[in-house]
Amino acid sequence: MLITKIKHPRHPLHQLKLELSLVPYICDGCKELGFETCYQCQICNFHLHKECAITSSSFYHRFFKGCEFKFYEESPRLGVRVCDGCWRDVRGFVYQCSHKKAYDLHPPCAKLPKTLAGEEVKLELKENIKSKCLKCQSRSNSNKGPKGWSYVSSCGKYCFHVACVKEMFYEAWEMGYFDQQKSDLDANTSGLAVALHRTVPSKLSSSTEIVQQSGGKAKHYWNMVASVLRLILFAIFDAQCVVSCLKTDSQAY
Ligand SMILES: [Zn+2]
Ligand SMILES: [Zn+2]
Ligand SMILES: [Zn+2]
Ligand SMILES: [Zn+2]
Ligand SMILES: [Zn+2]
């Protein structure tokens with residue numbers, strides 16, 4: 001059950017409402033990009049990821065045995081901290097463990113689903129990968145590419161770092177791909193589905209694996225890559241859940 005209105009100490013003036021932001025936003029908690037799902041105050045243009053608005057005071061994550069993660073509005077440690085999930089800097093809200101060599105997770109990264117199931121493909125979140133990421137062509141343990149977690153298909157063929165999918169989205173956002181308002185779009189099209197179309201092809205066209213294949217096989221491969229990316233993007237932005245919850249909500253009235 002989702003709470004649709006909250007009071008948050010970061011924004012004491014107004015209540016925050018669980019809504020779909022029509023354009024990408026920067027979360028005022030963790031400072032990471034968000035899209036669609038958020039707790040927002042439209043008057044003040046204040047946004048929080050769902051995971052940043054409602055936090056757990058402490059939790060354990062299956063990838064870090066024996067680490068108790070606690071929530072902080074700012075990292076209590078000095079120096080540059082990096083999220084061990086998406087390998088981007090920590091600049092605000094964070095879960096951190098208390099060990100000397102501490103691990104950090106952005107709140108939305110801490111809640112990334114273990115598995116994602118699409119019609120034709122099932123993905124699993126992994127700390128280390130045997131396949132190469134289709135975006136950066138490297139594995140997580142290489143010292144060239146970004147590190148952090150990846151989603152890998154059960155066949156091992158389709159694999160992306162969470163970091164790389166986020167990076168594609170950030171690039172598309174910086175290029176102004178999302179400046180159009182939702183009203184320009186087909187009302188039934190999810191903003192994220194549109195985002196995917198705008199984000200993916202240009203960023204992956206240089207991928208050798210795609211160039212090597214041709215004809216119908218390439219088309220199938222491409223469709224699979226697109227659905228894999230769609231699943232990961234939806235997980236990162238936690239869109240589907242709230243879209244359906246809000247729909248059921250409005251139908252009730
Ligand atoms: Zn956030
Ligand atoms: Zn406000
Ligand atoms: Zn630890
Ligand atoms: Zn992260
Ligand atoms: Zn990668």
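Which residues coordinate the zinc ion (ligand 5)? In this predicted model, Cys133 (SG), Cys136 (SG), His161 (ND1) and Cys164 (SG) coordinate that ion, at 2.1 to 2.4 Å. The protein chain has 253 residues, of which 46% count as buried, and its secondary structure comprises seven helices and 12 strands.

**The chain as a whole**

- The protein chain exposes about 13,300 Å², and carbon and sulfur atoms supply 51% of that area.
- Among contacts in the protein chain with a separation of 6 or more, 53% are made by residues 24 or more positions apart.

**The site of the zinc ion (ligand 5)**

- The arrangement is tetrahedral because the four donor atoms around the zinc ion (ligand 5) subtend angles of 97 to 116°, and tetrahedral sites are those in which all angles lie between 85 and 135 degrees.
- Along the sequence, the donor residues of the zinc ion (ligand 5) have the spacing C-x2-C-x24-H-x2-C.

**The site of the zinc ion (ligand 1)**

- The zinc ion (ligand 1) is held by Cys27 (SG), Cys30 (SG), His49 (ND1) and Cys52 (SG), with distances of 2.0 to 2.3 Å.
- The site of the zinc ion (ligand 1) is tetrahedral, with angles of 97 to 120° among the four donor atoms.
- The spacing of the donors of the zinc ion (ligand 1) along the chain is C-x2-C-x18-H-x2-C.
- Cys27 belongs to the loop between strand 2 and strand 3, while Cys52 belongs to helix 1 (residues 50-53), so this pair ties together parts that are 25 residues apart in sequence.
- Cys27 and Cys52 are both buried.

**The site of the zinc ion (ligand 2)**

- His11 (NE2), His14 (ND1), Cys41 (SG) and Cys44 (SG) coordinate the zinc ion (ligand 2), at 2.1 to 2.4 Å.
- The four donor atoms of the zinc ion (ligand 2) form angles of 101 to 117°, and the site is tetrahedral.
- The donors of the zinc ion (ligand 2) are spaced H-x2-H-x26-C-x2-C along the chain.
- Distant parts of the chain are linked by the pair His14 and Cys44, which are 30 residues apart. His14 lies in strand 2 (residues 11-26), and Cys44 lies in the loop between strand 3 (33-41) and strand 4 (46-48).
- His14 is partly exposed because its relative accessible area is 25%, a value between the limits of 20% for buried and 50% for exposed.
- Cys44 is likewise partly exposed, with a relative accessible area of 33%.

**The nonpolar cores**

- In soluble globular proteins, nonpolar side chains tend to be buried together.
- The largest nonpolar core has 45 residues, and the members that touch the most others are Leu105, Tyr151, Phe160 and Ile232.
- Elements that give two or more residues to this core are strand 3, strand 7 (94-97), helix 2 (107-110), strand 10 (122-126), helix 3 (162-174) and helix 6 (215-236).
- Helix 6 provides the largest share of this core, 10 residues.
- Beyond its neighbours within four places in sequence, Leu105 is in contact with residues including Phe59, Phe64, Phe69, Val94, Tyr95, Ala110 and Trp149.
- Another core, of 14 residues, lies apart from the largest one, and its members include Cys27, Cys41, Cys52 and Ala53.
- Of these members, Cys27 and Cys52 also coordinate the zinc ion (ligand 1), whereas Cys41 coordinates the zinc ion (ligand 2).

Methods:
Residues are numbered from 1 along each chain as its sequence is written. Chains are lettered from A and ligands numbered from 1 in the order in which they are written. This is a predicted model: local features need pLDDT of at least 70, side-chain atom pairs count only at pLDDT 80 or more; totals for chains, interfaces and linings use all residues. Side-chain values use heavy atoms; hydrogens and water are left out. Donors are N, O and S atoms within 2.8 Å of the metal (3.2 Å for Na, K and Ca); water is not among the atoms, so sites may look incomplete. Four donors count as tetrahedral if all angles lie between 85 and 135 degrees; four count as square planar and six as octahedral if opposite donors are over 155 degrees apart and all others between 65 and 115; anything else is irregular. Helices (H or I, at least four residues) and strands (E, at least two) are DSSP runs, numbered from the N terminus. Buried means under 20% relative accessible area, exposed over 50%, partly exposed in between (1.4 Å probe, protein chains only). Contact means heavy atoms within 4.5 Å. Accessible areas come from the Shrake-Rupley method with a 1.4 Å probe; for residues, only the protein chains shown count as cover. A nonpolar core is a set of buried Ala, Val, Leu, Ile, Met, Phe, Trp, Tyr and Cys residues joined through side-chain atoms within 4.5 Å.
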